[in-house]
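Q: I have a structure open and would like to learn how to read its features. Could you walk me through a few of them?

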Amino acid sequence: MNAAADVIPRVSARLCRVAAAVTPVAAAAFLSFTAYSWLMPSENDERLRSSMGHYLGLITVTPLVRLAGCGVNLLHVAILAFALWSARALLLRFAAGEVFEIETGALLRRFGKALLLYAALIPLVNSATLLIVTLANPAGERALGFGLGSEEITLALVSVVILVTGSVLADAARMAADHRQIV
Amino acid sequence: MPIVVRLDVMLARRKMRSKELAEHIGITEANVSLLKSGRVKGVRFETLAQICAALDCQPGELLEYRPDGGASEG
């Protein structure tokens, strides 16, 4: 049931449509940038080294390292792209005025889940990346590290809030739909 | 649903149209139509009381329990 079709103001609907148009571009940009930074030769090696911080000098970038690093990081960014795709579907529903709907809540929950998975995997992907870029080193110079930053924790907390909000919205919309069937 | 709504029978007996009943009890004609076809999840006591007052009948004359089902009758 499209109960809220005429509730959303025109400006908000337009904003939602613009944001919905931006999300796939952002997803494509994240994926392209990740692929570019791993697969393109030398000019990105320095950035790769600097992103590895303390392990500067230990990194050996071979074609296989590039491919493995690209694969792991692309998979990780694909989760973010999926989250953005869910956000796009959600924004399009908002633009259509479908704000207080079960499906809207489900989409918000899906966005939160994907974002939470992305945040949870950041430390693991960083560890895997470090291992990959030092794997070609001689024995004794390979590294495996684990780090948890405040940014990951903040992102995870925000994701949980989005996830819970989506669940509550879906439940509330379900109850409202139920209520509409009582005359 | 084993509850059958017999509102159309009572409307016919009282020679009243759905539109008149809807105006009388203050709900939409669409909701009266849904109620008549039994495609609702429930009826508020308030609505039931208003229907009974408008049609001069008892709730038992509007609702019937049939264990074997019969969703759309009435």
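Q: Is Arg174(A) buried or exposed, or partly exposed?

A: Happy to start there. This is a predicted model, in which local features need pLDDT of at least 70, side-chain atom pairs count only at pLDDT 80 or more, and totals for chains, interfaces and linings use all residues. Residues are numbered from 1 along each chain as its sequence is written, chains are lettered from A and ligands numbered from 1 in the order in which they are written, and side-chain values use heavy atoms, leaving out hydrogens and water. Buried means under 20% relative accessible area, exposed over 50%, and partly exposed in between (1.4 Å probe, protein chains only). Arg174(A) has a relative accessible area of 40%, so it is partly exposed.

Q: Which residue forms a salt bridge with Arg174(A)?

A: Side chains of opposite charge can pair when their charged atoms come close. The cut-off for a salt bridge is a side-chain nitrogen of Lys or Arg within 4 Å of a carboxyl oxygen of Asp or Glu. Here the partner is Asp171(A), with the closest N and O atoms 2.9 Å apart. Asp171(A) is partly exposed too, at 40%. (Helices are DSSP runs of H or I, at least four residues, numbered from the N terminus.)

Q: How many salt bridges are there over all chains?

A: The whole structure has five. One of them joins Asp178(A) and Lys41(B), at 2.4 Å from N to O. That pair crosses between chains, running from helix α5 of chain A to the loop between α3 (29-37) and α4 (45-55) of chain B. Within chain B, Arg66(B) pairs with Glu64(B) at 3.0 Å between the closest N and O atoms. Shared partners link Arg6(B), Glu64(B) and Arg66(B) into one network.

Q: Where is Asn73(A) found, and what is it in contact with?

A: Look in helix α3 (residues 63-95) of chain A. Contact means heavy atoms within 4.5 Å. Leaving aside neighbours within four places in sequence, Asn73(A) is in contact with Thr34(A), Trp38(A), Val125(A) and Thr129(A). Its relative accessibility is 14%, so Asn73(A) counts as buried.

Q: And is Phe146(A) buried or exposed?

A: Phe146(A) is exposed, because its relative accessible area is 61%. You will find Phe146(A) in the loop between α4 (102-134) and α5 (150-180) of chain A.

Conventions: Helices (H or I, at least four residues) and strands (E, at least two) are DSSP runs, numbered from the N terminus.
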